[in-house]
Amino acid sequence: MSSTVSSWIINSTRSSICALHGKGHLNFRYISSHKKVTRKSLLSKSPFPSAQASIRGSTADVFTSSKAFRHTSTEEEDFSFHLTPTQIDNVLRASELSVAVPEFEGKNPSSVLKFESNQLAANTPSEDRRSAAASLQTRGMMFGVFDGHAGYACAQAVSERLFFYIAISLLPRQRLEEIEFAMESLKPILPILQWYKHPNDRFYQELASLYLEQLRVHWQTLLDMESGFTMEEALVYAFKRLDSDLSLEVQAPLENELIRNVVLQGAFSGSTACVAHIDNVHLHIANTGDCRAVLGVQSKDGSWSALPLTRDHNAFNELEILRLKREHPRSEEDTLFVSNRLLGVLMPSRAFGDVQFKWSQELQQSVLGNRSKAEASSVYGYIPPNYHTPPYLTAEPEVTYHKIRRQDKFLVIASDGLWDMLGNEEVVKLVAEHLLETDRQQMQLTFKKPAKLGYLQNLLLERKAKHARSCDENVATHLIRHAIGSNEYGEIDPERLGAMLTLPDDLARMYRDDITVTVVYFNSDTVGGYYQENK
């Protein structure tokens with residue numbers, strides 16, 4: 001971004017004539033403020049202490065002042081877009097998470113070699129969330145990206161709870177009975193999930209008992225069923241069940257005012273979700289909304305291609321338009337999507353929460369009638385236009401199954417903040433180039449002994465030069481850097497990158513969205529071994 005463009009951004013904003021820029025969009029228009037203090041005070045570290053094992057794997061160092069170089073307003077007198085390369089790196093790498101997965105998860109070889117993740121906020125605070133965990137009582141690993149709108153409360157709740165709902169849905173009946181017996185006997189429950197968390201990731205500690213109570217109702221319901229689920233059925237049921245619980249919790253009387261407010265915010269805000277479940281070579285993707293999962297595939301000739309495993313649920317998906325038209329009267333065909341938004345308001349056509357698009361007006365008035373007049377008449381009392389035959393929104397996911405092949409090298413899951421900036425093929429190309437560069441550097445380190453002194457000196461100089469060019473070790477950071485800092489030739493423009501990172505709170509969302517990326521690398525030896533054994 002040239003200095004002329006940088007000056008235009010700041011001047012146009014101060015003159016209040018700045019227009020929406022690029023491919024970015026505001027996901028929600030009717031929420032103008034949130035109760036940040038109430039939500040923030042409830043954030044803590046862990047929801048179910050007895051249901052979690054300690055984190056295994058390496059965690060990146062945390063850069064604790066991620067807003068150190070971010071302006072709060074364009075009215076600041078010392079407003080500047082300039083950042084040093086070190087400051088840029090610190091901001092971009094503040095939320096990095098890198099985990100090497102053991103070759104064996106329990107008795108079974110893992111097809112996941114490692115995963116790398118990162119986040120960059122545009123909203124204050126960020127409305128994106130992410131999760132990664134291994135199932136301890138069933139098989140497989142789960143990875144999820146959750147893109148919130150109208151606040152982060154719903155995305156926060158879903159990121160904490162959905163994996164538990166999925167894991168419970170996959171347990172055999174005998175194990176469910178053992179868990180229920182332990183609860184009745186007030187005995188500890190064996191851990192269900194092993195979380196992989198960044199130190200900055202938090203849980204609603206005060207809501208742990210409520211969440212566990214609802215999870216117990218979930219497994220009690222499963223005990224009443226005659227048969228278990230397939231993987232696809234378990235994913236669909238878990239998504240829908242959690243969304244139902246978000247709706248029911250806000251309707252129930254709660255004595256604690258803080259918990260009541262968080263539950264209210266979680267139901268009236270919303271979140272999309274994209275979850276991957278990987279068990280050996282069996283990959284299932286459950287997607288609700290406009291996050292995306294894309295597979296990186298390498299052909300025998302070495303070329304790379306992108307294989308999308310999800311379809312965005314929005315007005316640009318003709319199947320979604322047809323689905324909604326089937327579910328509503330013909331008289332509403334012209335008002336279901338207005339300006340490419342659901343009822344003219346919401347960008348995704350599937351999401352958790354957002355009860356304003358699911359409840360009847362009578363139910364909304366009944367629930368809000370128990371609130372203060374200020375709450376009932378504020379954002380929570382909003383009724384979308386042309387609201388006649390709800391529900392208009394569902395959290396039911398679209399599930400895709402893919403059998404991991406030898407040529408499938410990695411999986412990218414990201415919020416739409418990344419895909420607004422980069423296409424599927426661009427993302428796969430960037431990850432592939434990063435992977436090849438990493439392999440090349442590792443090969444250079446494997447020299448034959450004894451090595452000549454001159455060779456070692458040249459090797460050290462080359463490594464130092466590479467480091468000076470600020471090569472990101474974390475591939476998710478590499479993607480985010482290119483998403484916001486690339487020019488029209490696909491090259492990093494340092495001035496543009498610095499400007500995008502220092503955009504003030506009242507301007508950042510006009511130019512970019514929150515970005516969350518998780519890249520999962522597959523273990524080629526495990527995948528190849530599976531096919532060798534199953535010829």
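**Note on salt bridges and strand pairing**

1. Glu 396 has a relative accessibility of 32% and therefore counts as partly exposed; in this note buried means under 20% relative accessible area, exposed means over 50%, and partly exposed lies in between, with a 1.4 Å probe and protein chains only. The model is a predicted one, in which local features need pLDDT of at least 70 and side-chain atom pairs count only at pLDDT 80 or more, while totals for chains, interfaces and linings use all residues. Residues are numbered from 1 along each chain as its sequence is written, and side-chain values use heavy atoms, with hydrogens and water left out.

2. Glu 396 forms a salt bridge with Lys 240, and the closest N and O atoms of the two are 3.8 Å apart; a salt bridge here is a side-chain nitrogen of Lys or Arg within 4 Å of a carboxyl oxygen of Asp or Glu. This pair links distant parts of the chain, 156 residues apart, since Lys 240 belongs to helix α7 (residues 231-251) and Glu 396 to the loop between α11 (373-377) and β18 (398-403). Helices (H or I, at least four residues) and strands (E, at least two) are DSSP runs, numbered from the N terminus.

3. By the same rule the count comes to 21 salt bridges. Another of them joins the side chains of Glu 180 and Arg 216, at 2.8 Å from N to O. Because Glu 180 lies in helix α5 (residues 173-184) and Arg 216 in helix α6 (residues 208-223), the pair ties together parts that are 36 residues apart in sequence. Glu 180 is buried at 9% relative accessible area, whereas Arg 216 is partly exposed at 23%.

4. Within helix α7, Asp 245 and Arg 241 are 4 residues apart, so about one helical turn separates them, and their side chains meet in a salt bridge of 3.7 Å, N to O. Both are buried, Asp 245 with a relative accessible area of 2% and Arg 241 with one of 16%.

5. Strand β11 (residues 270-279) is mostly covered, with 10 of its 10 residues buried. Both of its faces are covered, the residues on one side including Cys 274 and Ile 278, and those on the other including Val 275 and His 277.

6. Two strands are taken to pair if DSSP finds at least two bridges between them. Strand β8 (residues 141-149) runs antiparallel to β11 and is joined to it by 9 bridges, with Gly 148 having Ser 271 as its bridge partner in β11. Strand β17 (residues 352-353) is also antiparallel to β11, through 2 bridges, and here Gly 353 stands opposite Gly 270.

7. Strand β12 (residues 282-288) pairs with β11 in the antiparallel sense over 7 bridges, and Leu 283 of β12 stands opposite Ile 278. The hairpin of these two strands has 2 residues between them, and Asn 280 takes a positive phi near 55 degrees there.

8. A separate point concerns an open sheet of 6 strands, paired antiparallel in the order β3-β6-β20-β19-β13-β14. Because β3 (97-100) and β14 (304-308) stand at the edges with a single partner strand each, one side of each is left without a neighbour in the sheet. The partner of β14 is β13 (residues 292-298), joined to it by 5 antiparallel bridges, with Gly 296 standing opposite Ala 306.
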